[in-house]
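Here are a few notes to read alongside the model. Take them in any order you like.

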Amino acid sequence: MTRHVAFLILLIVSSLYAAIRGGRPEQIGAAALFGGASASVMAADPTRAHFRQLETGILIIDMVLLAIFLWLAIRSTRFWPIWVAALLQAEVFIHVGQIVVPAAGWKAYMNALAVWGWVTQIVLIVATWRHRQRLAQQGSDASWKGCPASRPPIQRG
């Protein structure tokens, strides 16, 4: 099995798991990661050798994903979007590295971008699993900051 097929399986499994069993932040994250992976495949220019120069389309997609996960980190009650945002920031830095040192090697550029995609999928699976744990233990799991369910109960007396 090639690593592309293995990643596709991981992407589908993690996205479906988060979409079906996750809270709204996990569902948004799954849709964003799945859409980003799909868009990255389409953004690759078929008329040239891939990763031999800056992949501008993939850089733009990574920056949009970074913005989505920064928004999730700010608005949701979850900690995991901060981790994914950090991983996406690393991807953006890799693109910047390709601009600064274009002779660094296309395989290094390609592999450095690919590794973070694997980690983000694993983070999404763990985040969804933790959401399910909180639901089982507490009966609810507020998704957004400022929601009444996310505030601690008022102590009286």
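Which residues in H4 meet which residues in H5? Before the answer, some housekeeping. This is a predicted model, where local features need pLDDT of at least 70 and side-chain atom pairs count only at pLDDT 80 or more, while totals for chains, interfaces and linings use all residues. Residues are numbered from 1 along each chain as its sequence is written, and side-chain values use heavy atoms, with hydrogens and water left out.

1. **H4 against H5.** On the H4 side you'll find Trp 80, Val 84, Leu 87, Ala 90, Glu 91, Ile 94, His 95 and Gln 98; they meet Tyr 109, Ala 112, Leu 113, Trp 116, Gly 117, Val 119, Thr 120, Val 123, Leu 124 and Ala 127 in H5. Contact here means heavy atoms within 4.5 Å. Helices are DSSP runs (H or I, at least four residues), numbered from the N terminus. By class, this contact has 13 nonpolar, 4 polar and 1 charged residues (Ala, Val, Leu, Ile, Met, Phe, Trp, Tyr, Cys and Pro count as nonpolar, Asp, Glu, Lys and Arg as charged, and the others, Gly among them, as polar).

2. **How they cross.** The H4 and H5 axes come within 10 Å and cross at roughly 175°. That makes H4 roughly antiparallel to H5 (angles over 145 degrees count as such).

3. **The cores.** The largest nonpolar core has 20 residues, and Phe 69, Trp 80, Val 84, Leu 88 and Leu 124 touch the most other members. Helices H2 (24–43), H3 (56–75), H4 (80–100) and H5 each supply at least two of its residues. A second, separate core of 5 residues includes Phe 51, Ile 58, Tyr 109 and Leu 113. A nonpolar core is a set of buried Ala, Val, Leu, Ile, Met, Phe, Trp, Tyr and Cys residues joined through side-chain atoms within 4.5 Å.

4. **His 131.** Have a look at His 131, which sits in helix H5 (residues 106–138). His 131 counts as buried because its relative accessibility is 5% (buried means under 20% relative accessible area, exposed over 50%, partly exposed in between, with a 1.4 Å probe and protein chains only). Its side chain makes a polar contact of 3.1 Å with the side chain of Arg 78 (a pair of N or O atoms within 3.5 Å; within protein, one must be able to donate a hydrogen and the other to accept it, and residues adjacent in sequence count only if both atoms are side-chain atoms). A polar atom of the His 131 side chain also lies 3.3 Å from the backbone nitrogen of Gly 23.

5. **Ala 39.** This residue of helix H2 counts as partly exposed, at 24% relative accessibility. The C-alpha atoms of Ala 39 and Ile 61 are separated by 7.3 Å, with the two 22 residues apart along the chain.

How values were computed:
Axes fitted to C-alpha atoms, helices over the stretch in contact; angles between N-to-C directions. Parallel < 35°, antiparallel > 145°, perpendicular 65-115°, else oblique.
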